Structures are given as structure tokens and as C-alpha cells.
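Hi,

Here is the structure I promised to pass on.

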Amino acid sequence: MGFSMADFNHDIPDPLYISDIDTYELLYMNDLARELYGVSSDEELSGVTCYEFLQNRSEPCPFCTNHLLSYDKCYVWEFTNPVSGHRHLLNDRLIEWMGRSARLEIGYDLTEFKEEAMRFRNLHQSGEIILECVKDLYRETDTDLATNRMLQRLGRELQADRAFIFSLQDGLFRNTHEWFSQGDASKAKSIQEVDATYFASWYEALERGECVLVENLAEFEELLEPEAYRMLAEQDTRSMVVSPIERDGHVVGFLGLDNPPVELIRDIAPLLYTLCFFYTMVLERIKAEQQLYVLSYHDTLTGLFNRNRYIEDMEALGSSSRSLGVIFLDVNGMKEVNDRSGHAQGDRFLRECAETMRRSLGERAKVYRVGGDEFVAAVSDVGEASFGILVEKLEETFARELPGAAAIGSTWSADSADVGKMLFDADKAMYRDKEQYYRTSHTRPVRISGEDRCRTGWISQPEAIEDSHAE
């Protein structure tokens with residue numbers, strides 16, 4: 001889009017100039033810029049370059065920002081002009097000017113309104129920091145990684161010595177995450193937990209949704225508990241900004257910075273408060289995603305891995321070549337337990353069997369509930385003898401603690417590539433054990449077809465399974 005002098009004569013309340021991006025020729029200055037540089041006629045601008053007229057240089061400025069400019073975004077920086085003596089917050093961008101690519105620079109004068117200009121700059125910087133922190137947070141699926149990345153960016157961008165998060169637990173503020181600048185790394189973890197009563201007045205402010213600002217710690221000595229002041233002084237805390245982290249209307253912790261630049265402190269508070277809002281939202285999202293993950297891969301009754309995870313893991317094992325031991329376990333007499341004592345008792349019985357299986361096999365085994373009363377355990381990268389010991393331990397534990405409760409079959413192979421056949425062999429061995437149980441018990445066997453037995457999946461030869469319960 002092209003621009004003309006009429007666009008800038010009245011609409012822009014600050015000095016501006018336009019120069020050719022290639023030749024540096026000064027093309028235009030508005031009235032405020034002319035007044036600032038003492039321009040009385042157009043002839044004074046004719047044929048001169050921006051670096052000659054505005055900087056009193058004989059060649060392009062070494063700090064020129066032309067290479068950083070774009071048509072859709074401003075480049076913001078500060079500079080004190082040697083000719084006018086004024087310091088400006090400069091906004092530069094590319095524009096089309098009467099058919100030419102040109103540099104547009106607008107200067108917000110910081111000279112007479114230093115404090116207001118500083119706040120303007122700080123607010124602009126704060127908005128950028130919040131945006132980048134929120135982007136970082138939403139990229140992460142791990143709470144610790146998200147938190148550490150946020151603290152690192154805050155600490156570096158705001159030039160603080162330390163960025164930290166404390167959570168409130170059982171009347172104590174506990175240090176859960178922190179970042180230190182390179183020179184202060186030796187102080188890491190020096191304060192691990194703080195009695196909340198030491199900072200009662202601060203906690204009350206946080207509960208009201210207010211931030212705590214400490215511009216000079218020495219001035220707070222009489223207002224703090226002696227122990228609290230001592231801890232902060234030993235931490236070399238000279239100034240501090242703290243914002244509440246809230247959940248369901250109550251403070252659950254706080255986010256803070258130690259020793260940021262004094263001129264930034266008052267403008268950091270709203271930044272932290274806004275960021276804490278997004279931070280809480282991200283933590284809730286991550287928590288919900290983790291809960292969904294657990295639900296999608298875990299059986300809600302027993303806490304074991306479920307059929308979804310079983311199928312994925314077996315597919316992965318089938319595409320590898322690792323030693324593998326597989327155990328099939330089927331709970332005996334579930335129908336009788338449910339009919340005699342009710343399904344609630346049946347569920348308790350299943351949980352007991354699942355826990356016995358998990359405890360016996362230990363952490364090396366992945367244990368799955370693949371059907372109503374059917375369980376599978378897989379132990380990878382295990383030798384045949386070691387796997388045999390695990391199976392014996394499982395059988396002995398059930399025989400001792402839950403006699404007759406389970407039929408067990410197992411198989412081992414040095415190569416898991418044919419995991420389907422292994423699962424079939426273990427299932428068939430389990431069925432032989434179940435036959436023995438029904439032969440020696442007074443319970444009438446239930447006819448189960450080979451097709452029904454394949455409901456666990458990953459049995460490669462369903463047609464070969466015999467109806468071993470046929471009358």
C-alpha cells in the first residue's frame with residue numbers, strides 16, 4: 001500500500017521522516033520533525049541523505065536498521081540523536097512511498113517525558129514477553145519443562161537475578177522451580193521452604209489478588225518477621241516482585257523475581273499477574289491431558305495397562321528382535337463368584353488377582369488386563385532361566401495366597417519377531433492349566449469356543465485352538 005504526505009501531516013503526533021531504502025535520500029519530514037531539526041524550507045531537504053542531515057555523518061550509520069525492517073512489522077529501538085540532543089523511542093518499518101521502497105521512522109520523544117516513556121517501553125516489552133511465554137507454555141506437555149522454560153525466559157528478558165515459583169502446601173511455601181542468572185547459580189536451592197506465617201502480611205495481599213512489590217528490602221526490615229528478613233537478606237534479595245498463583249479462588253503459590261532493574265519493578269507486576277493466569281490454565285490443560293492418557297492406556301478397575309496399550313506394545317515387540325517372555329493368566333470361577341456373591345465382590349476378586357500378579361512379577365514385567373478375567377504379562381530382554389524363575393514365583397504366590405484362583409500359561413523366545421505365535425502358545429498353555437482346574441474342582445466347566453478365546457487379539461492361529469471345554 002502506498003503513502004503520501006497527506007497521510008502524515010496531521011495524523012501522526014510525533015516527529016517522523018521518510019528516506020529511500022537504497023540511496024538513503026531524505027524524502028519527507030513532517031512539521032514536528034522539521035521543527036525539531038530547524039528546517040525552514042523544502043530546499044534544505046533536497047538531495048540530502050538521512051545520515052548527513054539527521055546524524056551529521058559522511059557515510060551510512062553503522063547502527064542503521066534498514067536490514068531489519070519489514071512491511072508488516074515495526075522494529076522498535078532507542079537512540080539519542082547527536083544533532084537534536086533528544087532521545088527517542090523509534091519505530092521503523094518499510095513502506096511504499098510514491099513508487100519507491102522507503103524507510104519510515106517515527107520517534108516518540110523520551111527527553112521531556114522520561115518516566116512516561118519508560119512505562120510505554122516497559123509495557124510494550126511486557127506484552128512481547130507475555131506472548132512469548134504463553135507460546136512456550138502451550139508448546140509443552142510436561143509441567144516441569146513448561147515451568148522451567150517460562151522462568152528462564154522471564155529471568156533473562158527482565159534482567160532478574162532469580163525467577164522462582166513457590167507452592168503452598170500444609171502451611172509452608174515450598175520452592176518447586178527456580179532459575180538463576182549465570183552469576184548467581186551458586187545460590188540455587190538456598191531457600192527450599194518457608195513458613196507461611198513469616199510472610200503473613202504478604203500472604204494476605206496475595207489472597208486479595210494483589211502483587212507484592214519490594215523496591216528496597218532494607219525499608220521492609222521493620223515490617224517483616226525477623227526470620228523472613230534474614231532469609232531474604234542471606235539470599236541477597238534487594239528488590240522483589242511476587243504475584244499470586246490462584247486456583248478456584250485461592251492462592252496455591254506464587255511466581256516471583258529477585259532483583260530486577262528498579263525502573264522495571266512497577267511494570268513487572270501486571271506482567272506477572274497476567275502470566276500467572278495463563279500459567280494456571282496451562283497446568284490444568286497438562287493435568288487433563290495426562291489424565292486422558294492414563295485413562296486411554298490403563299484399566300480403571302485394576303490400574304493395569306489395558307487392551308489398547310497391550311495391542312500397541314505387542315505390535316512394537318513384533319517389529320523388533322528381542323528376547324521375550326509372555327504369561328497368560330485367566331481367573332478361574334469368575335461366573336460362580338459373581339453369581340454367588342455379586343459383581344462388587346467379583347470386582348474385588350479381580351483387583352486382588354491383578355495386584356498379586358503385579359507384585360509377584362515386579363517392575364520388569366508389563367501387565368495388562370485384556371479381557372474381563374484375562375491378564376497378560378510381557379517381560380522383554382530377559383533370559384530363559386530368569387523368566388522361568390519369574391513364572392515359578394507367580395505360580396507359587398497364587399498357590400499360597402489365592403489357591404485355585406488362576407490358570408497360568410507361559411512361553412519364552414529369544415526373538416520377539418513372531419510375538420503372535422508366542423501369545424498363541426502361552427494362551428494354549430494357560431488353557432491346559434484351566435482344564436486341570438476344572439477336572440479337579442466341583443465347578444461345571446463352561447463351553448468356550450476357540451473363536452471366543454481370540455477376543456484378546458494377537459493370537460495368530462485361532463483356528464488351531466481346540467474347544468478344550470467340550471463335554
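Let me start with the rings: there are 14 aromatic pairs in the structure (rings of Phe, Tyr and Trp, the last by its six-membered ring, pair if their centres lie within 6.5 Å; planes under 30 degrees apart count as stacked, over 60 as edge-to-face and the rest as tilted). One of them is the tilted pair of phenylalanine 63 and phenylalanine 79, at 4.6 Å centre to centre and with 35° between the planes. Phenylalanine 63 sits in the loop between helix H3 (50–55) and strand E4 (75–80), while phenylalanine 79 is in strand E4, so the pair ties together parts that are 16 residues apart in sequence.

Before going further, some housekeeping. This is a predicted model, in which local features need pLDDT of at least 70 and side-chain atom pairs count only at pLDDT 80 or more, while totals for chains, interfaces and linings use all residues. Residues are numbered from 1 along each chain as its sequence is written, and side-chain values use heavy atoms, with hydrogens and water left out. Helices (H or I, at least four residues) and strands (E, at least two) are DSSP runs, numbered from the N terminus.

Now the sheets. Six strands make an open, antiparallel sheet in the order E9-E8-E7-E12-E11-E10 (two strands pair if DSSP finds at least two bridges between them). Its edge strands are E9 (193–195) and E10 (212–214), each pairing on one side only. On average, neighbouring strands here are turned by 25° against each other, direction ignored (axes are lines fitted to C-alpha atoms, for helices over the stretch in contact, and angles run from 0 to 180 degrees between N-to-C directions). E9 is joined to strand E8 (residues 172–180) by three bridges, and the two run antiparallel. Leucine 172 faces aspartate 195 in E9. Helix H8 packs on this sheet, touching E7 (162–169), E10, E11 (240–247) and E12 (250–258), and its direction makes about 30° with that of E11 (contact means heavy atoms within 4.5 Å).

H8 (residues 265–297) has a helix partner too: H5 (residues 143–157) packs with it at an angle of about 160°, the axes being 10 Å apart. That makes H5 roughly antiparallel to H8 (over 145 degrees; under 35 is roughly parallel, 65 to 115 roughly perpendicular and the rest oblique). The residues in this contact divide into nine nonpolar, three polar and no charged (Ala, Val, Leu, Ile, Met, Phe, Trp, Tyr, Cys and Pro count as nonpolar, Asp, Glu, Lys and Arg as charged, and the others, Gly among them, as polar).

The other sheet I looked at is open and antiparallel, with four strands in the order E14-E15-E13-E16. E14 (366–369) and E16 (406–413) are at the edges with a single partner strand each, so one side of each is left without a neighbour in the sheet. Seven bridges connect E13 (residues 324–331) with E15 (residues 374–380), which run antiparallel, and valine 326 stands opposite alanine 378 in E15. H12 packs on this sheet through E13, E15 and E16, with its direction at about 175° to that of E16.

Finally, H11 (residues 343–361) and H12 (residues 384–401) have axes that come within 9 Å and cross at roughly 140°. The two are therefore oblique to each other. Their contact divides into six nonpolar, three polar and three charged residues.

Cheers
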